[in-house]
Amino acid sequence: MTEATIAVLHDVVATLVTWQLAAPAATLAAIGLPALLGRPLAERTTTRLVGAGFTAGFLAALLTLAALAARGFSAEVVHLGTLFSVGHHAATIELVADGLSVPYVCFSTGLCWLVNAFAGKYLHREPGFTRFFILLTLFGTGMNLMVLAGSIDVLFAGWEFLGISSTLLIGFFHERRNAVGAALRAFITYRLCDMGLLIAGVVVHHAVGSGDFERLFRGTWPDAVCLVDPTTALIVALLLVFAALGKSAQVPFSGWLPQAMEGPTPSSAIFYGALSIHAGAYVLLRCEAVLDAAPVAGWLLVAIGIGTALHAAVVGSVQTDLKSMLAYASMTQAGIILAEIGLGLRIVPLVHVVSHAILRSLQILRSPSALHDRHELAAALGGPPGAATFSILRLLPDRFGRCLYRIALERGFEDAAVQRFVIRPVLALLEGAQAAETRLVELAGGADAEPRRTDRDGGAT
Amino acid sequence: MHPDDDQLAQMIASAARLLPPQGPIDAFVAQNTLQGFEDLPFDEALVRAARLHGAQPFLPESFYRGELERGRIQASDLDAVLTADLGDRPGLALAGGRIRLRDLQRTLLIHGVRHESDAAVRWTLTENAVLDGDDAGSDLWHACVEASSRSRPSVVHVRPPLRHRDLILALDPTLDTDALVHPLLIRMTAAYLDQGVASWPMPDRQQGLLAAVAGLYSGRIGPLPPWCAGLPDRLHGIHSHGEPDREAYEVIRAELAALGVPATSWPEFIPLTLVALRGWAGMIRQFAERPDRAPVEAVPARLADFLALRLVLDRLAVEYAARCLNFRGPPTSDAAAAPLAAFCTELRDRHPPRRGAGSLARAFLLLQVARLTGLSAADIRALDDNELLELELSIAAFDSIARRRIFHLAYERRHGIGVLDGLAAQASLPARSPGGRPRVQAVFCIDDRCESFRRHLEEFAPDIDTFGTAGFFAVPMYYRGIDDWHAIPLCPLVVRPQHTVTEAPASESLASHRLRQAVRRSLGWFRGSMATGSRTLFRGGLLTSIGGAVAAVPLVARVAFPRITSLVTGGAAEYARSRVRTSLDLRRQGDALLPNGTQRGFDAAEMAAIVRRLLEDIGLMTSFARLVAVIGHGSTSLNNPHESAYDCGACGGGRGGPNARAFALMANDPDVRARLAAEGLVIPADTVFLGGMQDTCTSRVTWYDVDRLPGSHRGDFDTFRVDCETAGGLDAQERCRRFYSVPLDVSPAEALRRVQERAGDLAQVRPEYGHASTAVCIVGRRERTRGLFLDRRAFLVSYDPTTDGDLAILERTLAAVGPVSSGISLCYLFSRLDPLVYGAGTKLPHNITGLIGVMDGHASDLRTGLPLQGVEIHEPVRLLMVIDATTEAIRAVLERLPTVRTLVTNRWVRLAAWDPATGSLATYEPAPAGDRFVPYAPEQAVLPVAASSADWFRGHRGHLPLARIERGLQIERPVASEGHR
């Protein structure tokens, strides 16, 4: 291949990659701005625009894939601009198209397109119709930004889009208390774990003078080589694992996931059955070279993944509503996938992610048909399918079984533990601080400063 | 002295009646949501129930005001309702004879006044300076201010709420004890009632809810949330012994005492406690009362268990709240027995009082009333204290609920006038002259959705006569089709069938039957193990990582190409099904009872009785056509937990096809015909009965036992089948005008495609609108309503008063039709009046739980009633029942039917008599002096005329008035091309 061809290919890929981002972003503007001005578009126009945006993104990704295939899937870095640079330190906006990111964009944009087609009918005449599609395109844009990110800064930006759209869709029915509570719960978990990614960014900047992945590792995915020293690699890897725990609902940050099923069914399907739940896995796959250089983080990941899978499998087996049951089923697989990544596998978890996402989103989209499906199944099998759902847990000895059942019904005491070991101490600390402040103010001559009680930590949710 | 077990049982039983009557969702039967209030007059029941459930008794005032503006409610309606409502007080003079009460109320209704707070009025005055200056308006305002300042703003003494939760919430809005209790209680109850979602069922369910939970939660494992840390101690020692209820009663007594509820308040406190989570409590009650309707496993649920558990948790939460509010009990020894009694007393004392409106607010109200009623400043100043007080009280007494009640009655009145005017006009016009032997007679269900199908059939093929009767066709049976794994009851809820009928493959198609079974079984096994396996740890890991991508095919197909997908899958299934010829084992074989306590099949005498009964009911005793089609109905849709709500109510939420098929077989049976002939009911030898089923979602009709038709009738059937296909397209077109996502100018063929796509589309939350516009029930001869456009809003029950000398037929017809049709109408009415409390809310966050119901999201009360998407086009009016009989006959029959009479006298249905001879109408009016029929005087004597139904409905989305459709009255068959339009 000549220099000229390579240069042309580079330009083509650069344009296409920009398109993958620009298409959903443009849709976002096209439906968001009229809504902002108080004149939301008609339902049909909205869904058509969103559909067109995702189609354009999908086609651009397919073409990129073809262009990349012509070059043997070597990574193509697209430089979009520099935020600032000081000496040899720079914060750049970079995207990368390689054998991981581009197929993943095809997959995620395709799913977004399907969910858009589904939701256009599902949300017909719903007061929050436009809001849903704004959040869906925001999610699509964030997802592509995160997947195509060539630097940890861009990755973080995409990651945050995901978080905020997820939160707002959980709280979609904001007139209901439960929905808002569940959204808040997810949001707090996200913010806590986002710190991992943020600090990892700071560490990377500090270590290599930029957030670019090129300086962190080099080579074709999945065989890239880490370029930083093992200590830095370990710190970054641990921080990335921490970040992944929140979005992928791993123990001990998994309690928000079953509660997150408060939004409309299609958003539950794409977020918690398919894409958002695997965002953590994607970030770890993206930075797999760092994990390779830090085996301790890998083993930690395996332990957490297996722990989560066991926890979710047991807790899931006592759930009596379909969406909670599917949430725990997703959690089980997310745990296994993280464990696979921790074990050093690369292609297996990627296939697992895609495959699981497709199956689970179909199951969630279909969950309101459960009664219909069950009748058909009973007719086909000649009896209620209950007997088919044999669980090994039924074989446990009575006493032990009862204990485990209670633990499972209490969702592994996760909520109560968080309550006791996180919320209470934090509240106590805050109250202590407030009391100290009040005393100080009084000491300084402040008149009637009245302390307010805030001991409201009884809520289980 | 605490109530004993019997008294407690009594209290719980009467509380149970107030819970939603809905059973497990896989057999949804629409019933009156407020069944427990049926012994009260309708409007009083609405207000009482609203208070109990925290619901809205009527739609918001803005809705009615909008209807007033667009003329759906007219001023004359308000006048009529006010006159009737005020009875002998219409002229009651207020303000020293300057205004009459009726005029005041009328003014308040038509113009409306704004209720503002003191602060808002003051702000308006200072900011806008509107009332400055010295004009007449300002003078009036000053007069009003002077008047209102003559009395002090009132303090309204309210009775503090009974439940601790409400008392606590009033003091501290952030402290909701129900928000603590409910997630845990829901989890426990859902686990207990689960019918097979969880792969690991709750242990010890056979011992009852209380004992099962006690067994689980009395151990000390793991941390519990702070509020329920005392739970293990409380539950320890509770276990079931011989008399399960006794343990629960003990707990209830102990907890109520600990909560400090005086025994005199228990009868009121218990319903309030149960209603706080009414969906789940109601489901417990359903399992207790109708274990035979449990979808899979009838767990021994008892409401006493649920109440006991709930009270235990309530008490713990209240104790926690007392700690949060820094309450320390008084140091008396008495309080040690019931530490919360003192807390409760203190809560009641601290319950915030409610202040009446301030003087500026009252002045503003007075100003508006004065302007609207023409009172001048001098008039206001001339009022003495008593007159002023009376005026203000009259305004206050006509509050939002009172106004909405009048509005609602006026809203219903206008609907009634529209229908009755149409009927009266129709009766005065010439009916269709009988045209010899009809070509086909078709018997449908009374369902309002069949009205349009029948009308289109009659328009397209005027030589066809149609009839309506309860869709189980007088054949109550347990039925097991070749695809069913067990027999299900197909008859109204109140009937317990005595016979079981099985469908069996015919001997010549045994081979294809076995092949089909095998294919279905392996496909089912594959799907089932994918679904369950993907949720487990090991199998799930393998399945999702290797096989998951296979799901891309159904995912893309179902979402992107719903119509083609359902055509392909449905077509394949239908083809396979059509390869298997089946027959019904209808005839009694041997006298041994089946395990479910029923006979296998019917004997000839029973069959003859059934056939006779149905033919008598619909008044078809002579002049039989060559072909008599009996057509049941059902509905198929995907992604719809409420699917069975759209099936046949007369089949207990099942599908009426098998009943139709069984009836046709019975009526064709030579033995049966011989017996009937001996009794004087002669069915000509060339009359053949044929069964069918109409799918109300896809507008298609399928036929049974066509291959058994005699060759001589083949031609009749083929023509009739085409007629039904055409009628199906027109019916689909009429249904499509209601769907906002379908253009108004859709053709019948396109409409058929649309409705069929909706039935098979995963994303479609409105596969059909069901009974969503139902408003009328007409019991009478079809000749009288034929050619009348009833807009799919009427149940049509065939009844011929001329053949019913002793009123036995009317009696049995009303006994069945009255409760069923009023139940459907009231279920829709309440789901529309308050979609959040009585209805199931929007479908979008629904989450199927335990295969018994739906929750919103992950932990809410079970949502009962109908979803918002199913009632959004419903006009909430009570059913208007018009009976083709004399007023004397109706009175006589009502005397014999106490349940129906209660519904009528308490106005849960509106009733009118349509005189069979004169065609004059009389409405049933309740009056203090005694209910009576009042002759109805039509407002409009003219009935709009249209050539065909399509001409009348084309281009309209909303409800349409009655119209005379000329084509339905013709005798000659119209030219085919015209009908196919």
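Six strands of chain B form an open sheet with mixed pairing, in the order 17-15-20-21-22-23. Strands here are DSSP runs of E with at least two residues, helices are runs of H or I with at least four residues, and both are numbered from the N terminus. Two strands count as paired if DSSP finds at least two bridges between them. The model is predicted: local features need pLDDT of at least 70, side-chain atom pairs count only at pLDDT 80 or more, and totals for chains, interfaces and linings use all residues. Residues are numbered from 1 along each chain as its sequence is written, while chains are lettered from A and ligands numbered from 1 in the order in which they are written.

Strand 22 (residues 921-925) and strand 23 of chain B run antiparallel and are joined by four bridges. Opposite B:Glu925 stands B:Arg932 of strand 23. The hairpin of strands 22 and 23 of chain B has six residues between the strands, and in it B:Gly930 takes a positive phi near 130°.

**Five-stranded sheet of chain B**

A further open sheet in chain B has five strands in the order 6-5-12-13-14, again with mixed pairing. Strand 6 (464-469) and strand 14 (700-703) of chain B each have a single partner strand, so one side of each is left without a neighbour in the sheet. Neighbouring strands are turned by 25° against each other on average, direction ignored. Strand 5 (residues 440-445) and strand 6 of chain B run parallel, joined by six bridges. B:Phe444 has B:Gly468 in strand 6 as its bridge partner.

Helix 22 (residues 448-460) of chain B packs on this sheet and touches strand 5, strand 6, strand 12 (627-634) and strand 13 (688-695) of chain B. The direction of helix 22 makes about 165° with that of strand 6 of chain B. Helix 30 (residues 711-736) of chain B also packs on the sheet, touching strands 5, 6, 12, 13 and 14 of chain B, and its direction makes about 35° with that of strand 12 of chain B. Contact means that the C-beta atoms of two residues, placed from the backbone, lie within 7 Å. Axes are lines fitted to C-alpha atoms, for helices over the stretch in contact, and angles run from 0 to 180 degrees between N-to-C directions.

**Helix pairs**

Two packed helices are described by the angle between their axes and the distance between the axes.

| Helix pair | Crossing angle | Axis distance |
|---|---|---|
| Helix 15 (residues 347-366) of chain A and helix 25 (residues 552-560) of chain B | about 45° | 9 Å |
| Helix 33 (residues 808-833) of chain B and helix 36 (residues 898-905) of chain B | roughly 45° | within 9 Å |

Angles under 35 degrees count as roughly parallel, over 145 as roughly antiparallel, 65 to 115 as roughly perpendicular and the rest as oblique. Helix 33 of chain B is therefore oblique to helix 36 of chain B. Helix 33 passes helix 36 of chain B in a left-handed crossing, a term used if the near helix is turned anticlockwise from the far one by less than a right angle, with right-handed used if clockwise. B:Leu814, B:Ala815, B:Gly818, B:Pro819 and B:Ser822 of helix 33 meet B:Thr899, B:Val900 and B:Leu903 of helix 36. This contact has five nonpolar, three polar and no charged residues. Ala, Val, Leu, Ile, Met, Phe, Trp, Tyr, Cys and Pro count as nonpolar, Asp, Glu, Lys and Arg as charged, and the others, Gly among them, as polar.

Helix 15 of chain A and helix 25 of chain B are likewise oblique to each other, and their crossing is left-handed.

**Chain interface and domains**

The contact of the two chains takes 89 residues from chain A and 87 residues from chain B. Helix 15 of chain A gives the most to the side of chain A that touches chain B, with eleven residues. That side has 43 nonpolar, 29 polar and 17 charged residues.

In chain B, the domain assignment includes domain 3 (438-506 + 593-769) and domain 4 (519-563 + 566-576); such bounds come from an automatic or database domain assignment. The C-alpha centres of domains 3 and 4 of chain B lie 33 Å apart. Six residues of domain 3 are in contact with six residues of domain 4 of chain B.
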